[in-house]
Amino acid sequence: AILAGGTCPEDITEQELFSDRFYVYASPLHPLYERHNVRIEDIDHRDLLLLSDGHCLRDQILELCGTSRRAGAPYYFESGSLETLMRVVDVTSAITIVPEMAVEYISEDRRDRIKPLAKGATSRKIAIAVRRTYAKNSIITALREVILSTAPAVNTLA
């Protein structure tokens, strides 16, 4: 499997591929839109739109923002689609957080809404996960090489 690292049980090993930074996606009507970069402390959780419960990206964002998983009250909208969240941000005064690997799919006319998180903000690790007993390491090595060669824009951990 290819997944956000750090989520596997003990019988699964992970090989990190690259680091996937987080960005704020801000409505032109939101005060953070005018910023060149955003500090985590500047994010008002009441303005933050999240993926629905059960998405690991949701949990990663809650952890990034220092919000408990049960702190759902401030979030007035949730979706199962990152694209839907961004479309809602486009027509409201809200914000969301998107991973770097999604940025290249955001159209040029919406790129002004993407704001890097200030230095020190975290990212997630993308990894290949396999059973500990999996013996065909050459296949995993080949898969890793193909992924890294086709994803030159990402921050590789090679």
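**View 1. Aspartate 11 sits in the loop between strand E1 (2-4) and E2.** Strands here are DSSP runs of type E with at least two residues, helices are runs of H or I with at least four, and both are numbered from the N terminus. This is a predicted model, so local features need pLDDT of at least 70 and side-chain atom pairs count only at pLDDT 80 or more, while totals for chains, interfaces and linings use all residues. Residues are numbered from 1 along each chain as its sequence is written, and side-chain values use heavy atoms, with hydrogens and water left out. The scale calls a residue buried under 20% relative accessible area, exposed over 50%, and partly exposed in between, using a 1.4 Å probe and protein chains only. In sequence, aspartate 11 and arginine 132 are 121 residues apart, yet their C-alpha atoms are 5.6 Å apart in space. Leaving out residues up to four places away in sequence, aspartate 11 touches Val130, Arg131 and Arg132, where contact means heavy atoms within 4.5 Å.

**View 2. Strand E2 (residues 12-26) pairs with strand E7 (residues 123-131).** The two run antiparallel and are joined by 9 bridges; strands count as paired if DSSP finds at least two bridges between them. Threonine 13 stands opposite valine 130 in E7. Further along, look for serine 19, which is also in E2. Serine 19 counts as buried, at 4% relative accessibility. What does the side chain of serine 19 make a polar contact with? Its partner is the side chain of serine 123, at 2.6 Å. A polar contact here is a pair of N or O atoms within 3.5 Å; within protein, one must be able to donate a hydrogen and the other to accept it, and residues adjacent in sequence count only if both atoms are side-chain atoms.

**View 3. E2 also pairs with strand E5 (residues 95-99) and with strand E6 (residues 114-116).** With E5, E2 runs antiparallel over 5 bridges. Two of the pairs to pick out are alanine 26 with isoleucine 95 and phenylalanine 22 with proline 99. The pairing with E6 is antiparallel too, over 3 bridges, and valine 24 stands opposite lysine 115 there. Why is E5 largely enclosed by the rest of the structure? Because 5 of the 5 residues of E5 are buried. Both of its faces are covered, with Ile95, Ile97 and Pro99 on one side and Thr96 and Val98 on the other.

**View 4. Histidine 30 lies in the loop between E2 and strand E3 (50-51).** Despite the loop setting, histidine 30 is buried, with a relative accessible area of 6%. Its side chain reaches the backbone nitrogen of leucine 32 at 3.0 Å. Not counting residues up to four places away in sequence, histidine 30 touches Asp47, Ser93, Ala94 and Ile95.

**View 5. Helix H1 (56-64) and E7 each supply at least two residues to the lining of the second largest pocket.** About 220 Å³ of space lies in this pocket, a volume being the space filled by probe spheres set on grid points joined across faces, edges and corners. On a 1 Å grid over the protein atoms alone, a pocket is an open set of points where a 1.4 Å probe fits, with protein on both sides within 12 Å along at least five of seven lines, and lining residues have an atom within 4 Å of a point. Of the 14 lining residues, Gly5, Gln60, Glu63, Ser123 and Arg124 lie nearest the centre. H1 gives the most to the lining, with 5 residues. The buried residues of H1 are Leu57, Arg58, Gln60, Ile61, Leu62 and Leu64. Just after H1, glycine 66 takes a positive phi of about 70°.

**View 6. Helix H2 (residues 82-90) has Leu82, Leu85, Met86, Val88, Val89 and Asp90 buried.** At the start of H2, a side-chain oxygen of serine 81 reaches to within 3.3 Å of the backbone nitrogen of glutamate 83.
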